[in-house]
Amino acid sequence: MQSRTPAPRAAGRPRSAAADTAILAATRAALVELGWSKLTLGDVATRAGVAKTTLYRRWAGKNELVVDAVAELFDELELPDSGTLAADIEGVVLQFAAILARPEAKNGLMAVVAESCRDDALRERIRSSIVERQKRLVLEGRERAQARGELPGQADPVEAARTADLIFDMVAGAVVHRTLVSAEPADAAWVHGFTQVLLTGLTGTGPAGTGME
């Protein structure tokens, strides 16, 4: 199913943040109770206490609505300042795994990823609303580690951006596969082992200052 192009928003009363919050929360609740296939915008509107037209003024359809409902969960992620790069990584990965273990995140993410195989616009929305927004964690963590002397700086901004993409892909890919594909717990022991491999590589030699050499 291709995403519909939303009509230009007419001038009028400003968009209500409270209504958005209620709609996204209702979407997540409907996902858990009804599942992807039975979820409708009408049901979400009823749960949220808004008119169905209110939803269509904000979202082009179910795909986009569910992406934003799931993206809001990942916005809860915060990078802890634990004093070392390893501890910071472990802290945020445990948060990420805990979010993915929630039925509304698991059901919603798997559904929209499956739908995006047939919908390029939806794939782009996933990239912009979830992936690009959460890369902030990688950028913040890297900057902090560089200030501590745990990681070297990268003068070339293109190369720095490429490295940030790679780090994000490694972390997100491993945790999503562990929790959603393998259906195994990403507990403290797994996260610690994963972080060691991430920092030291297969050779067991980590960057200076990480305490992982």
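1. Basis. Because the model is predicted, local features need pLDDT of at least 70 and side-chain atom pairs count only at pLDDT 80 or more, whereas totals for chains, interfaces and linings use all residues. Residues are numbered from 1 along each chain as its sequence is written, and side-chain values use heavy atoms, with hydrogens and water left out.

2. With a salt bridge taken as a side-chain nitrogen of Lys or Arg within 4 Å of a carboxyl oxygen of Asp or Glu, the count comes to 19. One of these joins Arg28 and Glu72, whose closest N and O atoms are 2.8 Å apart. Arg28 belongs to helix H1 (residues 17–34) and Glu72 to helix H4 (residues 62–74), so this pair ties together parts that are 44 residues apart in sequence; helices here are DSSP runs (H or I, at least four residues), numbered from the N terminus. On the accessibility scale (buried under 20% relative accessible area, exposed over 50%, partly exposed in between, with a 1.4 Å probe and protein chains only), Arg28 is buried at 14%, while Glu72 is partly exposed at 24%.

3. Asp81 forms a salt bridge with Arg148, the closest N and O atoms being 3.0 Å apart. Since Asp81 lies in the loop between H4 and helix H5 (85–100) and Arg148 in helix H7 (residues 120–148), the pair ties together parts that are 67 residues apart in sequence. Asp81 is exposed, at 60% relative accessible area, and Arg148 is partly exposed, at 29%. Arg148 also forms a salt bridge with Glu150, where the closest N and O atoms are 2.9 Å apart, and Glu150 is buried at 4%. Through shared partners, salt bridges join Asp81, Asp88, Glu140, Arg144, Arg148 and Glu150 into one network.

4. Nonpolar core. A nonpolar core is a set of buried Ala, Val, Leu, Ile, Met, Phe, Trp, Tyr and Cys residues joined through side-chain atoms within 4.5 Å. The largest has 52 residues, of which Val44, Leu65, Phe74, Val93 and Ile130 touch the most other members. Elements giving two or more residues to this core include H1, helix H2 (41–48), helix H6 (103–116), helix H8 (157–181) and helix H9 (188–200), and H5 gives the most, with 9 residues. Apart from neighbours within four places in sequence, Leu65 is in contact with Ile23, Leu24, Thr27, Leu41, Val44, Leu55 and Trp59, contact meaning heavy atoms within 4.5 Å.

5. Packing of H4 and H7. The axes of H4 and H7 come within 10 Å and cross at roughly 10°, the axes being lines fitted to C-alpha atoms, for helices over the stretch in contact, with angles from 0 to 180 degrees between N-to-C directions. H4 is therefore roughly parallel to H7, a term used for angles under 35 degrees. Residues making the contact include Val67, Ala71 and Phe74 of H4 and Leu122, Ile126 and Ile130 of H7.

6. A backbone angle to check. Ala183 has a phi near 55°, a positive value in a residue other than glycine. Most residues other than glycine have a negative phi. Ala183 is found in the loop between H8 and H9 and is exposed, with a relative accessible area of 59%.

Note on methods. Angles under 35 degrees count as roughly parallel, over 145 as roughly antiparallel, 65 to 115 as roughly perpendicular and the rest as oblique.
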